[in-house]
Amino acid sequence: MSSCVRSVITGVGSYLPERIVTNAEMATMTDTSDEWIVERTGIRERHYAAPDEGTSDLATAAARKALEAAGKTPADVDLIIVATTTPDLTFPAVAVLVQAKLGCPVGIAFDVQAVCSGFVYALNIVDGFVTRGQAKCALVIGAEKLSDVVDPTD
């Protein structure tokens, strides 16, 4: 009888940048109000990354928390997939930058760029690697720095 290898989520982590931008602040940049934004989106505030804080920094901070929650170290990680549409650079991938910042050993690291569904796609991809025995410990990270690409006055 053959054994079936299954992937399991063993730890999660998150990170939010320090700067909070409220709807009141947004209303100073464009013709809107707190009430208008909340009624249409439910959003009351959002976090903006610092100008010198890249998507890879956000992803690395969340990854550290996920590893801690899972009881793992960077040395355990052999696969990193980052779902993002706002990479630090065109090349190398955010996942490779996270791999270096965490000090993970050489392994598989790449980005998935599928906007809203990217994280779900990344989970599916990791599941395939794990169930086929191509990876044992993976990080799936969703990270965006939309403040670099969204016009707050629009």
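Contact, as used below, means heavy atoms within 4.5 Å. The model is a predicted one: local features need pLDDT of at least 70, side-chain atom pairs count only at pLDDT 80 or more, and totals for chains, interfaces and linings use all residues. Residues are numbered from 1 along each chain as its sequence is written, and side-chain values use heavy atoms, with hydrogens and water left out.

Helices (H or I, at least four residues) and strands (E, at least two) are DSSP runs, numbered from the N terminus. On that basis the protein has five helices and five strands. Read from the N terminus, their order is β-α-α-β-α-β-α-β-α-β. Along the principal axes, the C-alpha atoms fill a box of roughly 65 × 30 × 25 Å.

Three of the strands form an open sheet, ordered β4-β3-β5, with parallel pairing. Two strands count as paired if DSSP finds at least two bridges between them. The edges are taken by β4 and β5 (138-142); each has a single partner strand, so one side of each is left without a neighbour in the sheet. From one strand to the next the twist averages 10°; axes here are lines fitted to C-alpha atoms, for helices over the stretch in contact, and angles run from 0 to 180 degrees between N-to-C directions.

Strand β3 (residues 79-83) is joined to β4 (residues 108-112) by five bridges in the parallel sense, and A83 has V112 of β4 as its bridge partner. The pairing of β3 with β5 is also parallel and has five bridges; here I80 is partnered by L139 in β5.

Between β3 and β4 the chain passes through a helix: β3, α4 (residues 94-102) and β4 make a right-handed β-α-β unit. Right-handed means that, with the strands pointing away from the viewer, the path from the first strand over the helix to the second runs clockwise.

Helix α4 also packs against α3 (residues 55-70), at an angle of about 55° and with the axes 9 Å apart. The two helices are therefore oblique to each other: angles under 35 degrees count as roughly parallel, over 145 as roughly antiparallel, 65 to 115 as roughly perpendicular and the rest as oblique. Their crossing is right-handed; a crossing is left-handed if the near helix is turned anticlockwise from the far one by less than a right angle, and right-handed if clockwise.

On the α3 side of this contact are T55, S56, D57, A59, T60, A63, R64 and L67, which meet V94, L97, V98, K101 and L102 of α4. By class, the contact has seven nonpolar, three polar and three charged residues. Ala, Val, Leu, Ile, Met, Phe, Trp, Tyr, Cys and Pro count as nonpolar, Asp, Glu, Lys and Arg as charged, and the others, Gly among them, as polar.

Two backbone details remain. The peptide bond from F91 to P92 is cis, with omega near 5°, and P92 lies in the loop between β3 and α4.
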